[in-house]
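Take a look at the chain below and try to follow how it folds.

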Amino acid sequence: MFSKEESRQLRHEFWTSFGKSFPRKWILYNTKIKGLSFKFHFDTKKALVALDLEDDLEQRIVCWEKLVSLKTILLSEFLPDAIYEDTFYLDNGKEISRIYVPLEQKVSIHNKGSWQNVMTFFNTHMALFEDFFTEYQDFIKG
């Protein structure tokens, strides 16, 4: 088991290392669409990349319907393992809509031996997510 401080330090070390290994300016929150953001997630059990919709319900539904209409394209041309969840609950209980791609291997941010694999997964899959978004952002903004 790691103390909170040791865990915090490992997380910091991972994200610093990721930034140095794959230097790139990611879109993340800079989508220019209210409530739509891209996220990296890596904890002691899993790693994933996600597109999250966190706007008010009405706006979330409008944007979600557009993303669902693009599902076949996303799955066939960009991310065949993407999972669509119109209702997803964050750890804090907040309800969002999410499209995500999980890394199918057991990994932990506390295990440095899994870091390189996660970094490569993040770089590859987030780049594909961003390519999809860049291609269809005008439609999604609509």
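L74 counts as buried, at 0% relative accessibility (buried means under 20% relative accessible area, exposed over 50%, partly exposed in between, using a 1.4 Å probe and protein chains only). You'll find L74 in helix α3, residues 71-78. Helices (H or I, at least four residues) and strands (E, at least two) are DSSP runs, numbered from the N terminus.

Which residues does L74 touch, not counting those up to four places away in sequence? They are L79, P80, A82, Y84, I99, F129 and F132, where contact means heavy atoms within 4.5 Å. L74 and D131 are 57 residues apart in sequence, yet their C-alpha atoms lie 10.0 Å apart in space.

## Where this comes from

This is a predicted model: local features need pLDDT of at least 70, side-chain atom pairs count only at pLDDT 80 or more, and totals for chains, interfaces and linings use all residues. Residues are numbered from 1 along each chain as its sequence is written, and side-chain values use heavy atoms, with hydrogens and water left out.

## The sheet

Now for the strands. Four of them form an open sheet in the order β1-β2-β4-β3, with antiparallel pairing; two strands pair if DSSP finds at least two bridges between them. At the edges sit β1 (36-42) and β3 (83-89), each pairing on one side only. From one strand to the next, the twist averages 30° (axes are lines fitted to C-alpha atoms, for helices over the stretch in contact, and angles run from 0 to 180 degrees between N-to-C directions).

Helix α2 (residues 57-69) packs on this sheet and touches β1, β2, β3 and β4. Its direction makes about 25° with that of β4. Strands β2 (residues 47-53) and β4 (residues 95-102) are antiparallel partners over six bridges, and L51 has I99 in β4 as its bridge partner.

## D52 in strand β2

D52 belongs to strand β2. Is D52 buried or exposed? Its relative accessible area is 0%, so D52 is buried.

The D52 side chain makes a polar contact with the side chain of R98, at 2.7 Å. A polar contact is a pair of N or O atoms within 3.5 Å; within protein, one must be able to donate a hydrogen and the other to accept it, and residues adjacent in sequence count only if both atoms are side-chain atoms.

## M126 in helix α4

M126 is in helix α4 (residues 115-141) and is buried, with 0% relative accessibility. Beyond four places in sequence, its contacts include W26, F38 and V49.
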